[in-house]
Amino acid sequence: MGLTGLERGHRITNMRFSEPFERRFEEMVTHYPTRRSLLVPTLLYAQDEVGFLSEEVIAEIARRVELSELEVRNVISYYSMLTTQPRGKYNIQVCTNIACLLMGGEEILHHCQLKLGMGEKQTTTDGLFSLEEVECMGACCWAPAVQVNYDFHENLTLNKMDQILEQYKRKGTQSEL
Amino acid sequence: MANVNLTIDGKKVTAPAGTLLIEAAKCVGIEVPSFCYYPNLSLQGACRMCLVKIEKMPKLQTACTTLIGEGMTVTTDSDEVRQARKGMIELLLGNHPLDCPVCDAGGECELQDMTFSYGAAESRYLDVKNHRDEQQWSPVVYFDRPRCILCYRCVRVCGEAMDVWALGVEQRGVRSTIVPNQQDHLECEECGMCIDICPVGALTSGAYRYKTRPWEMKHVGTTCTHCGDGCKTTLGVRRSLTGSEIVRGDNRDKSGINGDFLCIKGRYAFDFAHHEGRLRQPLVRRNGRLTPCTWEEAFQLTGERFRQIREREGGDAIAVIGSTRTTNEENYLLQKFARTVLGTNHIDHHRTADFPALVAALAGQGERTASMREVFETPAMLLIGNDPTHQHPLLAWQIRNNVRLHRARLYLVNAQPIKLRRQASSFLRIPAGAEAEVAAFLAGQDSSVAAIASETSHQDWTAWRDQLRHEPKLVLMFGSEIRGDAVASLVKFAADLPQAKLICLGDYANSRGAADMGLYPDLLPGYHPVTEVGEFHRDWGGVPEKPGLSLPQMAAHAQAGKLKALYVVGANPVEELALDPFVFSRSFVVVEDLFLTETAAIADVVLPAANAYEKSGTFTNTCGDLQLVKKAGEVTGTKSDFEIIVRIADAMGAQVRQLVPFGRGSRADMGQSRGAHSGEADRHSVWLEARGLEPKMSPFDPMAILDEMQRLVPGYDVSRMHLLAGMDQHTSLAGSGPGTKHDPSRIMPARDDLFSSGTLGRYSRTLNALIENHHALAAEEEVAAE
Amino acid sequence: MADLVSHPDEVKVVSKRFGLGATHIDRYLELDGYKAVRKALGMPPDTIIAEVKDSGLRGRGGAGFNTGLKWSFVPKQSAKPKYILCNGDESEPGTCKDRLIFEHDPHAVIEGVMIAGIAVGAHVGYIYIRGEYRYVSEIMQRAIGEAYARGFLGKNIFGSGFDFDVYWHGGAGAYEVGEESALMESLEGKRGIPRIRPPFPAVVGLWGGPTVINNAETLASVPPILLGGAEWYAKLGTPKNGGTRLFCLSGPLNRPGVYELPMGYNLKKMIYDVGGGMARGRTLKAVVPGGSSTPLLTGEEIDIPMDFDALMQVGSMLGSGGVVVVDDSACMVKFALRIMSFYQHESCGWCIPCREGTDWLKKTLTRLHAGGGVGKDIDNIQYLSENMLGRTFCPLGDAAAMPTISIVKKFRKEFEDHLQGKPCPFEKVGAIEPSPVMA
């Protein structure tokens, strides 16, 4: 009889995650009555390690949380922090929501675009930076603000922004050596 | 449940507590519009079309998610409500393409209808509509995102109702879109339910799209001809060069036993009817080759040879093989013709289930068979053997949705981890071939447990049996794995339960009908033995009383040179039963079929027959539900099996009126009152039906023999009115019998699944494309897995 | 790490440990930590609920529902486990207070969750923190670990015989998940689509069990209430608006920041005194009183007490405590567009009016702002917003419609100017000093 979709079960992948990832996963399994509940945080942690949610990551996580890949994809595409496309090593997220808008968030964004020579949702050729305009990140009282990966940079000026970019550029090139 | 009183638009309504407001409104004829609400699927509250005013609530409320409450006062037609509906339609139309004239759903689109009823003619939006290109997800499923209104019906029917879960929603906000499970294509059971349930033209069928406009079709509700479940299907028919062509199969008419359901075969595999290999002219063997001839020639030749053989060699020299996909009327007529005109009991068919054993076991127990509808309603079900998802898709749908909607208990016993295990409250896996032992164990033979379970689980089996014994209303379903004595064991077990009922699963569209109508060498209609003189003998003026030959015996008979003539109606034993064609080389073989099958290829006369979509009559599904078959398509040059049999009988010089009691007792209208339109049986029946007359005035009229069947075949005395009105009528086996015990090896299941082509499916282009696609996807995945 | 500010008018209840190193459990214990939960363990659950109810504490997430009343809806007996869910998915534009609580006083949230659990008979609590707050969730994880290490969490807490577990859970970027039923969906590993209500979470919540969902600030307010008493807390604020709340003052102010002020504190004073007045000598044009979803007030409408009822009276809402001031250099069409872009981006897409409405409003506002407006655009914006109002599946549709309606109504002139092809007078906000573009 021809089996379809879910009936055929999950794909086996060669995906390996780090030791801390596995520890955290094992612990989190005990926190919830359903495996599915691990999905969102696990996806984010996997993305932190791999850089993006590749086909293989999706297959592996689907297997672990006992969902179809379709369901995992449906969830991924809902959350704006999750991505199935590779990004730069440093993802610069510029807030332009109301408080930041009033304090120059758009200027910061334009500045970054000029400085990095690329548009929104693009990645520099060296793979170091990608740029994203994002919604309010909870830094309204310290606007304008950007997040580089998970790090907040607040009360920005264009000069400060330049320094931040320089800093990451140094860090990025050093760590490659 | 207690009743609740409320007022809707000033009308007093009383409905059971727990009723949704939208349903309560329906009871008093008030339509509350909705897109996302769909009975028996989960509630969404997403389309906001059903907003109504409920007194004491500040905001408008969705009628599809609100339960009725005592004293509730509801307004469904105020300015505020109308404005809300209009606002929703405006928003939907904002991004929806307004190219209705070229949309495949134009004319049968709920958005179009809603716009007409509630909507706005003007557009407020100047900006560019969001666009995405159309996608093809499978050979038959196309998705056009801009037309999609995100009602999520497709997602729910695929997941909740079909348990396939092949559709999802990706992205969010205005970018939200329905997506298939394999990113750019679907891998699923291809039931097409998503297309049927789509209110707009977002999901369209590759087998139908852009072929015609809905209003150019005539819609005929008939019974599907692909498996033994008997789904009602609506065939969209359009005139064509060769008669009338079926352009679409779908489920417009939800009144059938299948409700919303239709499977891959019912929906797409109607196109066998237009296969270029359809026979449209009789053939006779001349100088060793099959050569076209006229119907007159074919009838004369056949009648003459049959008459000669009967007169010279006696009926013993003639055998008949009947069909599992011709109508009850034709099957009844065929065996009556065999027995009374050809004078033989050598009649058999392709048996896929042991119905005679069931009848024998049920003797004296009253009505113990369940209808297809009951499967959806019973609180408990036991299924032994079979894989309904593939072999009885409607039965699987009934089981699945009974579990989902009524929390029914499903006890499953199978040698394979079949898909229905997901609905099972208990699933016991047994070694292949041990089904009979399960039956014996149920009947109380404790020693049988050794054959079905390891020692450690004996107790579980005993506990399981005890639990079953306490089921107040159990429906037992069993596949062809259960035959002969095993059937008797199951019936014995069922007899001790208060209200247990049974369903014996046979494979083809009218397998049950063939059995009920006596296509057996030893059994007359109603499983009455030929050896016992009864009503049939009296009514027909004599029946040969010696049991005839079964199919393999016929072959041996032929091999021995004793079989001078073989008449095959709608069967292909050479292919399906691996009958050696060469043994019939000395017999005069007449084959009636749609195609030049392997069996037809050895015939001396080949008669092109109409299929079940091209004639009228009745089918009995595997549960015993009797349903009407209506004429939809037409291929010129073919004749119904009914007419062919009558014409052969006539050519043999038989008394046709004795065979088909047409026009008995009333003044026959042979078409004279209809002038130029007279002459053809099925149009005749349509014409008579339209005037509320019972159409049994012509010798080719199946209704004439239905009269006799209803009179003589036990259990078939159902309401004629309801039957003709298109409703299913459950026949009873209670008065049948006494049945008999046959050699179990005579049961040869078809072993078809959703993705294999059956006797008709092999001629369906669309089905074959789907099968090919399915296997290609499976192969791809295997490669990827390695 | 976000900067802290202070002002003499502040009444520090929730923020009293900010900057004092209370992330460490020892320091937290020194500063009255885990006293309230011990007290709660000795109180009949009904008394705890009554105390919280009487304190006048209202949900700090924005809806302003009486917290004790919400707890009282949880059935005493339940076949399914009950849960406490702390909503720390802080995403309302203009709001950044929960981040400070998590950063400076994570144990207070844990303690609040525990007390809620004791009050309703739940044994598990989840603290949901938005994904962007990674460093904050690390602080929270450490704090939870400390509490377990001391035996404050887990089996038999404080030797009381009561078991209670607290887990941290992270989001991944979705404003809609701040809506309580969508929050549950997200925690269960699904798309953040709100649920049909009724049933309400207090009856059928996480995995079908009764669930109390409270904002982080709400829960952090509970321990002080139990220690100080309902009467004390209620008296800090105005009638029916008990206590204090964290106001996030942002926009072009001289001293923006998060200030804890009594409920009912005058808005004008808040802007000119606490916030230090408008920066660069600009004039106040408008105020967003409680996050981007609240109707705007003009500069003339601000002499009002900041509590739930007073704001309602002037046609706005207290919301989430995000006070964003807008000066006269800002374009209100642009401002409305930015708000609508946000809701268009964050709409979950479930229901028609929100999904399609936010998109068309964004399209129309974009065109209008760019100078391509036509005659009926302004009325259409109003009409569309009103069509969404009160008709969507969840409050997000209202959140998008309300500020838009107020902006168009109160600043219609600016829309008309755009329509008439006048150049946008506010094209350069100019808040940042120019800097040479580097190559």
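I took two strands as paired if DSSP finds at least two bridges between them, with strands (E, at least two residues) and helices (H or I, at least four) being DSSP runs numbered from the N terminus. The model is predicted, and I kept local features at pLDDT of at least 70 and side-chain atom pairs at pLDDT 80 or more, while totals for chains, interfaces and linings use all residues. Residues are numbered from 1 along each chain as its sequence is written, and chains are lettered from A in the order in which they are written.

**Sheet in chain B.** I looked up β18 (residues 380-384) and β19 (residues 409-414) of chain B and found them paired in the parallel sense over five bridges. Ile384(B) has Val413(B) of β19(B) as its bridge partner. These strands belong to an open, parallel sheet of five, ordered β20-β19-β18-β21-β22 in chain B. β20 (426-429) and β22 (501-504) of chain B stand at the edges with a single partner strand each, so one side of each lacks a neighbour in the sheet.

**Core.** I then examined the largest nonpolar core, which has 439 residues. Such a core is a set of buried Ala, Val, Leu, Ile, Met, Phe, Trp, Tyr and Cys residues joined through C-beta atoms within 7 Å; buried requires 20 or more other C-beta atoms within 10 Å of the residue's own, C-beta atoms being placed from the backbone. Met381(B) is among the residues with the most contacts inside this core. Not counting residues up to four places away in sequence, Met381(B) touches residues including Val375(B), Ile399(B) and Leu410(B).

**Contact of chains A and B.** I noted 21 residues from chain B and 14 residues from chain A, contact meaning backbone-placed C-beta atoms within 7 Å.

Methods:
Contact = placed C-beta atoms within 7 Å. Buried ≥ 20, exposed ≤ 12 C-beta atoms within 10 Å, placed from the backbone.
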